[in-house]
Amino acid sequence: RYGKYLNLLNEDAESGLCFVLMNCEEFLKQQQRTVVSSLCCLQEHYAGYDWFASSIFLIMSGDREKTLTFLQQFSCLQVSAFLWLPRLHLSMHLPVSTVEYGIHPVYFCSAHHVEMLLKAELPLVCSAFHMSGFTPSQICMQWITQCFWNYMDWSEICHYIAICIFLGPDYQIYMCISVFRHLQQDILKHTEA
């Protein structure tokens, strides 16, 4: 629906997206290991909706072959671990102990760095989060998991993906800090209320 709303897709694009998502699921299963755990998040072989694959599908104007080719080649790059979160779900590329914890590496890498930078760059926002009982890393993980859908305009989402691919995964952290800086007055207002 979003792609049609943006006039990026035609009416029959839904079947193409389903094709891409099913192929991504199969492709990513080939890179997964079996883990015996009582954690619900480790019971499933697929880590929820694939927002990144959907974003690439829209960027490729609904061309399912181009999308799959890009995703397969992109999976060889280190930055794919930070942008395409389902890629590391139960991944054989991670140590077993990391997989068994059920916490995505982006959470303890990018989100951790966001909290450190937020403390230095925006101390009032950091304090507001701590007073509210939420951590900035929770919010960042939501943004990152969904490729900032529902938070930014489509052109900004495309810029986010392109910047992270071309300049490196550090820019994922800078993007989160930028959004917090942009929302600083609203966050502080809500804290007072």
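What does E65 count as, by its relative accessibility: buried, partly exposed or exposed? At 46%, E65 counts as partly exposed (buried means under 20% relative accessible area, exposed over 50%, partly exposed in between, with a 1.4 Å probe and protein chains only).

## About the model

This is a predicted model, where local features need pLDDT of at least 70 and side-chain atom pairs count only at pLDDT 80 or more, while totals for chains, interfaces and linings use all residues. Residues are numbered from 1 along each chain as its sequence is written, and side-chain values use heavy atoms, leaving out hydrogens and water.

## Helices α2 and α4

Let's turn to a helix pair. Helix α2 (residues 13-29) packs with helix α4 (residues 64-74) at an angle of about 25 degrees, and their axes are 9 Å apart. That makes the two roughly parallel (angles under 35 degrees). Helices here are DSSP runs of H or I, at least four residues, numbered from the N terminus. Axes are lines fitted to C-alpha atoms over the stretch in contact, with angles running from 0 to 180 degrees between N-to-C directions.

On the α2 side, G16, F19, V20, N23, C24 and F27 meet R64, E65, T67, L68, L71 and Q72 of α4 (contact means heavy atoms within 4.5 Å).

## Salt bridges

The count comes to 2 salt bridges, each a side-chain nitrogen of Lys or Arg within 4 Å of a carboxyl oxygen of Asp or Glu. In one, R64 meets E65 at 3.8 Å, N to O; R64 is partly exposed at 34%.

R181 and E121 form a salt bridge at 3.3 Å, N to O. R181 lies in helix α11 (residues 170-182) and E121 in helix α7 (residues 105-121), so this pair ties together parts 60 residues apart in sequence. R181 is partly exposed at 42%, and E121 is partly exposed at 43%.

Key: Parallel < 35°, antiparallel > 145°, perpendicular 65-115°, else oblique.
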